[in-house]
Each structure stands twice: as C-alpha cells, then as structure tokens.
Amino acid sequence: MNFHPEFSIPLAEQNQVGVLLVNLGTPEAPTPEAVRPFLRDFLSDPRVIELSPWLWQPLLRGIILPFRSRHAARLYEKIWLKEGSPLKVFTHRQLEGLRERLPENIHCAYAMSYGKPSIHEAMSTLKSKGVGRVIVLPLYPQYAGSSTGAALDKVLDELEHERNQMSARTIARFYYHAGYIRALAQQITAYRKQYGAGEKLMFSFHSIPQKHSDLGDPYAQECRETARLVALELGLSEQDYIVSFQSRFGGGKWLEPSTQTLFKELPRKHKITKLDVICPGFVSDCLETMEEIAIRGREQFHAAGGTQFQYIPCLNDNPAWLDALSDIVKESGAGWIKA
C-alpha cells in the first residue's frame, strides 16, 4: 500500500481540531462533458448500485452515460445559479456559517463524495493545518448506506492511506436532532405565514430500493420519524401531512409512496388541490429539489387538476439551521471543542 506523504509540522502543532462537512457532489458545469464524469463516479460506487461491475459497467458506460449525461445537463441548466451549482453554493455558505459559530481555532472544510473538492483534497488541506482530530459530518440527516455510508467509506479509505492517522469522530445521522427539527418547523411556518398554507403538507425524501430497506437499511424509518417530529413541532395531525419518496432510478421496487405518483393522485383521487412540499432529507437545494420538485413536480400536480403548488425551499443558509449545525458539531466534539 502506498501512503500519502506527511506534512512537516512540529509535533506540538499536530493535534488541532478540524470539521469536515461532506455532501454528495455536483458537476462543475451544466454541460454533458462535465456531467458525464460526475455521473460515472456516482453510479460506479457499489454503495449506490449494488450490482456486479462486470454486469453494470458495460451498461453504464455504453448506454446510460451517453444518454443520461446529455439529459441531466439540460436539467442542470434550468437551476444553475450565477455563482455556480446550487448544491456547492449552499454548502459553501453552510461552511462559512459554521466557521462563524465555532471557536477560531477550529479548522473547517467541506468535500464532495463525487466531484470537487474531493474528500482527499479536503482532508489533505485540514492535515496541512495541523489537524490531528477531525469531526466528519455527512450532510444527510437520515442515514442511508448509499449516501452517508458511501461518504464515510471514502473518509475511512483516506484514513487508511495516512501514515500518521488522524483521530476521527463521525456523525452518521441527525434526523432527530432538536435543532434540525426546529429549523425545519420554522422554515415551514415562515413560508406558510408569507404565502398561505395548502390543504396538505408533503415531506418528500429521496428514495432507495425497497430491497435495501428489507436488508436492514434504517433510512425509511428515520425519514418517517423526522416527518413525525416536525409535524409534532408544528402541531399537525396525521391527516395534515404525508411522507413520500422521490428520485427513483432504474427498475425494481423502491420505497413508497412515490412522490410523483402522489402529484397525480392527490388532485384526482383525494381532491387535494392545494399542496405544500418540503424535502427534509436535503439540507441544500439541488437538482432533485429545484428541478424535480419545484419545476417538474409543479407541472405534474397542475396537470392532474391541482390549483396551488408551493415548494418550500431547503434549509440552505437559514440561521436556525446554521445554529443547529453548529450544535451538532459541538455535541460530537465534546472534549475537543472548547468555547
């Protein structure tokens, strides 16, 4: 095994504390040329696609990537900001908000599981500053093997290739954290106060294959518990909200109910024509929220007879969320982080 070269730092300066935020990733530009390597890395992760690479890679490289790269690039164009990818823009703002809320001697960085900045680059930057103790926080409130698990795999792989390994604390989930729940409730309350409330509130989470859940992935249970806690904070009854799952990829059975199916069925079968939607599993707005829900979901709901569709943005750089983010890190950093 080849180990990463170590930085020449005096021993007394090698035990500083760092925080690493990890999100999924994004292409560098809304073009097929930039989307293709991002999708290739993402869809080649065995945590994401649990198929033999001998079967999957020819299909991925020969059929899926040529078509999906062009299609995804057109979707990214619809939501791209002047500053760049929404996911990267909001993750950077979260990093800056966290820095402002932590002691000055805590070094903070963010990385993407796929794309840039890579986990290797971010951890190398932290180590160059003398970080010997790192708190790793994947920005997925609810644990899933295909998201949090994949991120932590990459972090642990980096540690495996360090000659002088950092001490590490990992935060695998925060779906129940009081600050996170309060921030979501405040986001919903503020939006509804300004724009009015729909007849039902939908909590839409990214889906995973039902097989993963059957084999012990706790994701679906954690999603439903987040929704229950937010509804409790808002004073909603079970009839006031619904939990659904979006962004299915490929065949097979996925978690249900499907968000897209409900967009069609709520107006037609249940006479719900005014709907509010929030995506609590995403702490930053991205393609799956801004295009799939806010644009395409709105079109699907209205085409089925809906009259009012309100997408409530993700937490992004909401100060209440940044406070919660800081609290999550400080709690995990007990004994390491001192005011």
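The C-alpha centres of domain 1 and domain 2 lie 24 Å apart. Domain 1 covers 11-175 + 320-333, and domain 2 covers 178-312; these bounds come from an automatic or database domain assignment. The contact between them, meaning heavy atoms within 4.5 Å, takes 29 residues from domain 1 and 28 residues from domain 2.

A word on the source. This is a predicted model, in which local features need pLDDT of at least 70 and side-chain atom pairs count only at pLDDT 80 or more, while totals for chains, interfaces and linings use all residues. Residues are numbered from 1 along each chain as its sequence is written, and side-chain values use heavy atoms, with hydrogens and water left out.

Now the interface. The size of an interface is often given as the accessible area lost when the parts come together. Here domain 1 and domain 2 bury about 2300 Å² between them, and 68% of that is on carbon and sulfur atoms. Buried area is the accessible area, with a 1.4 Å probe, that two parts lose on being put together, summed over both. Which residues of domain 1 lose the most area to domain 2? They are Ile79, Gln142 and Tyr175, together 27% of what that side buries.

On to the polar side of this interface. Nine residue pairs are in polar contact between domain 1 and domain 2, both residues at pLDDT 80 or more. A polar contact is a pair of N or O atoms within 3.5 Å; within protein, one must be able to donate a hydrogen and the other to accept it, and residues adjacent in sequence count only if both atoms are side-chain atoms.

Four helices, namely helix 2 (53-79), helix 3 (86-101), helix 5 (145-160) and helix 12 (319-332), each supply at least two residues of the side of domain 1 that touches domain 2. Helix 2 gives the most, with seven residues. By class, that side of domain 1 has 19 nonpolar, six polar and four charged residues. Ala, Val, Leu, Ile, Met, Phe, Trp, Tyr, Cys and Pro count as nonpolar, Asp, Glu, Lys and Arg as charged, and the others, Gly among them, as polar.

Salt bridges next. The rule asks for a side-chain nitrogen of Lys or Arg within 4 Å of a carboxyl oxygen of Asp or Glu. The count comes to 17 salt bridges, and two are found across the interface of domain 1 and domain 2. Glu291 forms a salt bridge with Lys78, the closest N and O atoms being 4.0 Å apart.

Overall, the protein has 12 helices and eight strands, taken as DSSP runs (H or I, at least four residues, for helices; E, at least two, for strands) and numbered from the N terminus.

Last, some backbone details. The peptide bond joining Lys116 and Pro117 is cis, with omega about -5°, and Pro117 is in the loop between strand 2 (107-114) and helix 4 (119-128). Glu256 to Pro257 is also a cis peptide bond, omega near 5°. Pro257 is in the loop between strand 6 (241-246) and helix 9 (259-270). Ser247, in the loop between strand 6 and helix 9, has a positive phi of about 60° although it is not a glycine.
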